[in-house]
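Please keep the sequence and the structure in view while reading.

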Amino acid sequence: SIDDDAMQTGQMLAGLLNWPQACSASKVEVDGENVTVTREVDGGVETLRAKLPIIITTDLRLNEPRYASLPNIMKAKKKPLIKKTMEDYGVDSARRLRTVKVQEPPPRQGGGKVEDVDGMIAKLKELGAL
């Protein structure tokens, strides 16, 4: 999934399944149980290795899109559409989280100015930050 570039679905699924993950894959190689994922990062290319099962999210450049031809679109319209529920696949759709309470955060207090670094350190100590 390219996940609309939000980068949430893969991480959430990997967390729920407790599986390893590789994000933004631009190349995927599977050799038996071993998977090698190559991804582009700011400094070049990063290669990750893991064992199956693994959650892999893709980069936009992983595959070239295939465009459906008009005859294939017409054939697809004639095929029956079978509706299934999540229970048909053995998935429990019951809610797992419960909202206990929602409240506004307290209003922010204004900051203060200090004359120099020593004054800043003293102020941080006074507030208990140091």
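Arg 39 and Glu 46 form a salt bridge in which the closest N and O atoms are 2.6 Å apart, a salt bridge being a side-chain nitrogen of Lys or Arg within 4 Å of a carboxyl oxygen of Asp or Glu. The model is predicted, so that local features need pLDDT of at least 70 and side-chain atom pairs count only at pLDDT 80 or more, while totals for chains, interfaces and linings use all residues. Residues are numbered from 1 along each chain as its sequence is written, and side-chain values use heavy atoms, with hydrogens and water left out.

**Salt bridges**

- The structure holds three salt bridges; side chains of opposite charge can pair when their charged atoms come close.
- In the pair described above, Arg 39 is partly exposed at a relative accessible area of 22%, and Glu 46 is partly exposed at 30%, where buried means under 20% relative accessible area, exposed over 50% and partly exposed in between (1.4 Å probe, protein chains only).
- Lys 27 forms a salt bridge with Glu 29, with 3.1 Å between the closest N and O atoms; Lys 27 has a relative accessible area of 44% and is partly exposed, and Glu 29, at 40%, is partly exposed.
- Lys 123 forms a salt bridge with Glu 126, the closest N and O atoms lying 3.8 Å apart, and these residues, three apart in helix H3 (residues 117-127), are separated by about one helical turn.
- Lys 123 counts as partly exposed at 38% relative accessibility, whereas Glu 126 is exposed, with a relative accessible area of 60%.

**Fold and overall form**

- The protein has three helices and four strands, counted as DSSP runs (helices H or I of at least four residues, strands E of at least two) and numbered from the N terminus.
- From the N terminus on, the elements run in the order α-β-β-β-β-α-α.
- The radius of gyration of the protein is 25 Å, well over the 14 Å that the globule rule gives for 130 residues, so the protein is more spread out than a compact globule; the radius is taken over C-alpha atoms, and the rule is 2.2 Å times the number of residues to the power 0.38.
- Taken along the principal axes, the C-alpha atoms fill a box of roughly 75 × 45 × 35 Å.

**Burial and contacts**

- Buried residues make up 12% of the 130 residues in the protein.
- Among contacts (heavy atoms within 4.5 Å) between residues at least 6 apart in sequence, 40% join residues at least 24 apart.
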